[in-house]
Structure formats: C-alpha cells, structure tokens
Amino acid sequence: MSFNDNIHLDPSRVSTSGAGRKIAGAGGGSILGVLLILGFSYLTGIDLTSLISSQAPSSSSSSSSVDVSTCQTGADANERVECRMVATAQSLDEVWKTQLADQHTGVSYELPDFQIFTNSVSTACGSATSAVGPFYCPGDSTVYLDLGFFDEMVTQYGASDSVLAQEYVVAHEWGHHIQNLQGVFRTYNTRETGSQGAGVRSELQADCYAGVWMHWASSTPDPSTGTPYLQTPTADQIMGALQTAEAIGDDRLQTKYQGTTNSESWTHGSAQQRATWLQTGLDSGSIATCNTWDVPRV
C-alpha cells in the first residue's frame with residue numbers, strides 16, 4: 001500500500017525522543033519473556049516493566065537520530081520510513097475519527113500521541129528499550145515505536161518487509177488506543193493469559209481494528225488536499241500484512257525461541273488467530289465485527 005504522492009504531511013503529528021534524555025535502561029531476558037511481560041503491562045497501565053529494567057545496571061542516555069521535520073508529502077512517505085509513520089498516523093486519525101462517528105459507536109475519537117524513540121524510552125507504563133517492540137501505553141495514551149523494529153521483524157521473525165506490513169504494526173497499536181477510548185481495559189482483565197483469555201482477545205481485537213483501518217484507508221481523504229492518503233492495496237501487499245500477523249503469533253514465537261508452545265501462556269494469539277482477525281476487519285470494515293469478547297472461540 002503506497003501513499004498518494006500529493007497528500008500533505010504534518011511533521012508535528014509525530015514526536016521523537018529528546019537528545020540526552022536520561023531514562024532507565026531495560027536489558028536482559030529473552031524476547032519471549034519481554035513479550036509476556038508487556039502482555040500484562042502496556043495494555044493495562046499496570047507497570048510490570050521493572051521485571052525487565054531491573055536487570056539493567058544503570059541508566060542510559062537516549063538520543064534521537066530521527067528527523068521528521070522534512071516530511072511534507074506522500075512522496076516523502078513512500079521514500080522514508082520516518083515520513084511513512086507521519087502519514088500512517090494522519091491516515092489512522094482520519095479513518096478512526098470518521099468511522100467511530102459513522103458507525104454510531106457512541107465513542108468520540110481522541111488523538112493519541114505517537115512517539116518514535118531510539119534505544120530506550122520512559123513512559124507512564126514504565127521504562128522500556130527497543131527490545132520490547134512497538135507498544136501502546138494507556139496511562140499516557142501514546143504509541144511508542146523504535147523504527148529498528150521493522151528490520152528486526154523481517155530478519156528475526158520472518159515477517160514481510162512490505163510497506164503495508166509496517167503500517168499494520170502501527171495500526172495494531174492504534175487499535176489499542178481505540179480500545180482505551182471504548183473502556184476495554186476497565187471492563188476486562190487483559191492480564192489474563194491463555195488462548196481464550198482476555199489478553200489474547202484484546203490483542204485479536206486490535207488486529208481486527210487494524211484491518212478496519214486498511215479497509216477504509218484508501219477511500220478516506222487527506223482533508224488538506226481531498227486525495228485519499230493511501231492507494232488501494234494489492235493482493236501481494238495484503239498477503240504481506242497477513243504474513244506479518246502470523247509471524248508474530250505466540251505459537252510461532254514460542255516455538256522459535258523455546259522449541260515448543262504452550263497455549264496457556266499466550267498473550268497475543270496464535271498465527272492463525274491473528275491473521276484471521278486481521279482479515280475479518282479488512283473484509284468488513286465494520287467495528288462491530290471485531291467483537292472478540294462475545295464469541296465462544298477466537
């Protein structure tokens with residue numbers, strides 16, 4: 001999925017970590033262990049990240065090398081990943097503002113913050129390094145992302161390197177923001193693990209919400225130009241997003257890093273579950289179809 005070249009970008013939509021900011025480092029532990037901790041922490045606002053950061057011997061300085069100030073057009077977004085993040089955020093804002101109203105959800109859209117960080121970051125949910133991957137913190141309504149994750153998800157997890165796959169990752173985290181607006185984290189115990197637990201159901205709903213965004217993104221215009229932010233995705237691009245959803249399924253990650261899988265400890269869902277719910281949102285464009293809470297098996 002490529003951006004239309006003439007859309008207008010607002011670089012202020014995305015913030016970056018300040019140079020020299022002192023924050024506690026987070027190190028040690030397996031990737032799987034980090035994922036399990038985040039399954040409890042970042043989706044609930046309950047800080048368990050000390051289980052990660054306590055292993056770091058000292059604080060570290062985070063300096064941002066990411067400059068979004070020159071991100072002005074869709075052509076910039078097609079060429080540079082940091083500009084792609086600006087365009088993706090703006091598209092997500094417009095789609096969700098429109099669809100929450102048009103689909104009569106009773107929820108008004110509020111913009112989340114979106115921060116690109118390098119190495120490590122301090123949040124209302126605790127401190128974290130880039131090892132944890134992208135996450136949403138409900139405590140400060142912010143999506144956090146180290147751009148290096150996109151290379152890691154390809155080289156380490158076997159995900160697609162397509163543009164739409166990158167956008168899916170951001171759209172998934174935006175899905176958690178929509179859940180926050182809906183009161184999901186107050187209603188359900190998303191710390192619950194297991195293939196049928198509330199934690200997995202929350203993650204699968206976020207996948208479905210990412211699909212809802214994909215459904216509407218190529219028909220929702222940039223208000224500055226009247227041109228849709230995104231071109232219609234091709235079959236290959238959609239396949240890349242689905243491949244990425246599968247690559248970061250709990251069963252795939254556990255098998256890769258532990259040699260076996262245990263569904264009772266899942267926090268995000270299996271490869272099949274994640275791809276299925278992403279496809280559900282993409283096919284329907286309906287927020288109502290993303291109700292992972294009332295179905296007996298997800």
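**Figure 1. The largest pocket of the predicted model**. This pocket has a volume of about 170 Å³. Its lining is made of Q182, G183, V184, T187, Y188, Q205, Y209, I287, A288, C290, N291 and W293. Two elements, α7 (184-187) and α8, each give two or more residues to that lining. Sorted by class, the lining has 7 nonpolar and 5 polar residues. Charged residues are absent from it. Rolling a probe the size of a water molecule over the atoms shows where empty space is left.

**Figure 2. Helix α8, residues 198-217**. The helix has 20 residues. From its first C-alpha to its last, α8 reaches 28 Å. That is close to the 28 Å expected at 1.5 Å a residue. How many of the 20 residues of α8 are buried? The count is 18, so the helix is largely enclosed by the rest of the structure. Helix α8 also gives two or more residues to the lining of the largest pocket.

**Figure 3. A salt bridge between D207 and R274**. The closest N and O atoms of this pair are 2.8 Å apart. D207 lies in helix α8, and R274 lies in helix α11 (residues 271-284). The two parts are 67 residues apart in sequence, so the pair ties them together. Are D207 and R274 buried or exposed? Both are buried.

**Figure 4. A salt bridge between R13 and D93**. The structure holds 4 salt bridges, and R13 with D93 is one of them. Here the closest N and O atoms are 2.5 Å apart. The pair links distant parts of the chain, 80 residues apart. R13 sits in the segment before β1 (15-16). D93 belongs to helix α4 (residues 81-102). Why does R13 count as buried? Buried means under 20% relative accessible area, and R13 has 12% relative accessibility. D93 has 7% relative accessibility, so D93 counts as buried too.

**Figure 5. A salt bridge between E82 and R80**. The side chains of E82 and R80 meet at 3.2 Å, N to O. E82 has a relative accessible area of 17%, so E82 is buried. R80 has 24% relative accessibility and counts as partly exposed. The cut-off explains the two labels: under 20% is buried, and partly exposed lies between that and over 50%, which is exposed.

**Figure 6. An open sheet of 4 strands**. The strand order is β1-β4-β8-β7, and the pairing is mixed. Which strands are the edge strands? They are β1 and β7 (135-137), and each pairs on one side only. In a regular strand the side chains alternate between the two faces of the sheet.

**Figure 7. Strand β4 and its partners β1 and β8**. Strand β4 (residues 113-116) is joined to strand β8 (residues 142-145) by 4 bridges. These two strands run parallel. On the β8 side, I116 stands opposite L145. Strands β1 and β4 also run parallel, joined by 2 bridges. Which residue in β4 is the bridge partner of T16? The partner is I116.

Definitions and conventions:
Residues are numbered from 1 along each chain as its sequence is written. This is a predicted model: local features need pLDDT of at least 70, side-chain atom pairs count only at pLDDT 80 or more; totals for chains, interfaces and linings use all residues. Side-chain values use heavy atoms; hydrogens and water are left out. Buried means under 20% relative accessible area, exposed over 50%, partly exposed in between (1.4 Å probe, protein chains only). On a 1 Å grid over the protein atoms alone, a cavity is a set of points where a 1.4 Å probe fits but cannot get out, and a pocket is an open set with protein on both sides within 12 Å along at least five of seven lines; lining residues have an atom within 4 Å of a point. Grid points are joined across faces, edges and corners, and a volume is the space filled by probe spheres set on the points. Ala, Val, Leu, Ile, Met, Phe, Trp, Tyr, Cys and Pro count as nonpolar, Asp, Glu, Lys and Arg as charged, and the others, Gly among them, as polar. Two strands pair if DSSP finds at least two bridges between them. The expected span of a helix is 1.5 Å times one less than its number of residues.
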